[in-house]
Amino acid sequence: MIGIRTPFRVSFTGGSTDLPSFYKKNGGKVISTSINKYMYHFIHKFDEELIQVKYSETELVRDPKKIKHKIVKKIAEQSDLFGLDINSIADIPKGSGLGSSSAYTVGLINGINVFHGNILSKENLANESADLEINKLNEPIGKQDHYASAYGGLNLITFNKDDSVDVENIYIDEQAINYLNSSLLLIKVGESRSASEILSEQNKSYENDTNNDLGKKIMELVDPMVDAIKSSNIKEIGEILNINWDLKNKLSNSVSNNEIENLVQDLISRKGIYGAKLLGAGGGGFILVCGEPNILNKIGFENKVSFKFENTGSTIIFQD
């Protein structure tokens with residue numbers, strides 16, 4: 001049996017500039033961190049003539065073409081899955097804005113390769129995962145999530161016009177990490193949703209140059225955010241989150257709604273809370289909140305989630 005643990009991510013700023021429709025014309029960059037919320041895959045030998053896939057559903061098939069899970073089905077076209085039971089569980093449901101779909105892809109590609117005796121580098125794992133979802137499945141998504149989950153850690157990720165990607169780890173000491181961990185919080189809002197429709201709209205706006213100026217302004221926030229994080233300046237981190245949220249809201253009418261807007265405004269109106277923005281494409285998911293630790297501790301929402309930075313990326317946790 002192989003056990004693989006793959007982290008979700010929190011993106012601070014730069015989101016949407018990792019869409020090919022933007023970075024191939026302008027370049028792109030994102031600052032994000034993997035967090036201690038994970039996707040788990042367990043893969044073991046089952047029946048030589050069958051493939052079993054367990055997620056929110058259980059599939060048992062003889063023909064790989066009949067697999068309903070589109071990521072598993074596409075992987076089955078390039079890897080031998082016969083005789084395998086593939087079981088996945090997650091700390092947080094899909095549609096959360098934390099990169100769960102990409103974490104699934106990264107984890108499964110990593111696990112299948114390990115099972116067959118092939119160890120991928122972090123770069124190759126991220127690249128293969130992004131290629132599968134973006135080019136082979138034609139999902140209208142960006143690349144940042146695959147690199148965040150594969151590499152792990154707090155990173156400045158740069159997307160070059162030639163389609164190459166540079167990952168630069170941002171070092172901060174343990175004391176600063178602990179302070180940032182206590183100064184950040186996730187709050188769930190709305191229902192889980194598919195990002196495809198929203199991202200398709202954003203892609204079209206970048207392709208026809210409607211929102212390129214917005215994308216450039218979002219990208220300009222990345223370097224100041226790096227400096228704010230390095231200096232543990234939570235007030236500045238929060239202020240940049242607010243600017244990013246305002247710009248992100250202008251990318252599409254589908255990004256926000258009254259419930260999200262009311263919650264964000266409620267949060268940032270509180271003394272000691274410096275900023276908030278919705279993670280992911282929009283429409284629902286988790287809001288990232290930045291503020292004084294003692295204030296965040298007093299927030300009474302039942303749907304709040306504390307998290308910590310992590311730096312392992314997609315990792316083998318069991319092999320027998």
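At 57% relative accessibility, E77 counts as exposed, where exposed means over 50% relative accessible area, buried under 20%, and partly exposed in between (1.4 Å probe, protein chains only). The side chain of E77 meets that of K74 in a salt bridge, 3.2 Å from N to O, and K74 counts as buried at 17% relative accessibility. This is a predicted model, in which local features need pLDDT of at least 70, side-chain atom pairs count only at pLDDT 80 or more, and totals for chains, interfaces and linings use all residues. Residues are numbered from 1 along each chain as its sequence is written, and side-chain values use heavy atoms, with hydrogens and water left out.

**Salt bridges**

- A search of the whole structure turns up 13 salt bridges, each being a side-chain nitrogen of Lys or Arg within 4 Å of a carboxyl oxygen of Asp or Glu.
- One of them joins the side chains of D85 and K54, at 3.5 Å from N to O.
- D85 sits in strand β5 (residues 84-90) and K54 in strand β3 (residues 51-54), so this pair ties together parts that are 31 residues apart in sequence.
- Helices (H or I, at least four residues) and strands (E, at least two) are DSSP runs, numbered from the N terminus.
- D85 is buried, with 4% relative accessible area, while K54 is partly exposed at 26%.
- Another salt bridge brings D163 and K143 together through their side chains, at 3.4 Å from N to O.
- D163 lies in the loop between β6 (154-159) and β7 (165-169), and K143 in the loop between α4 (122-136) and α5 (144-151), so the pair ties together parts that are 20 residues apart in sequence.
- D163 is partly exposed at 31% relative accessibility, and K143 is buried at 6%.

**Helix α4**

- With 15 residues, α4 reaches 20 Å from its first C-alpha to its last, close to the 21 Å expected at 1.5 Å a residue; the expected span is 1.5 Å times one less than the number of residues.
- Its buried residues include L125, A126, S129 and L132.
- The buried residues of α4 pack against α1 (20-26), α2 (70-76), α3 (100-115) and α5, with contact meaning heavy atoms within 4.5 Å.
- Just after α4, N138 takes a positive phi of about 55 degrees.

**Surface patch**

- M1, I317 and F318 form a nonpolar surface patch with about 250 Å² of accessible area together.
- F318 belongs to strand β12 (residues 315-319) and is partly exposed, at 37% relative accessibility.
- Patches are made of residues with over 30% relative accessible area and no salt bridge, joining like charges within 9 Å and nonpolar side chains (Val, Leu, Ile, Met, Phe, Trp, Tyr) within 5 Å.
- Accessible areas come from the Shrake-Rupley method with a 1.4 Å probe, and for residues only the protein chains shown count as cover.
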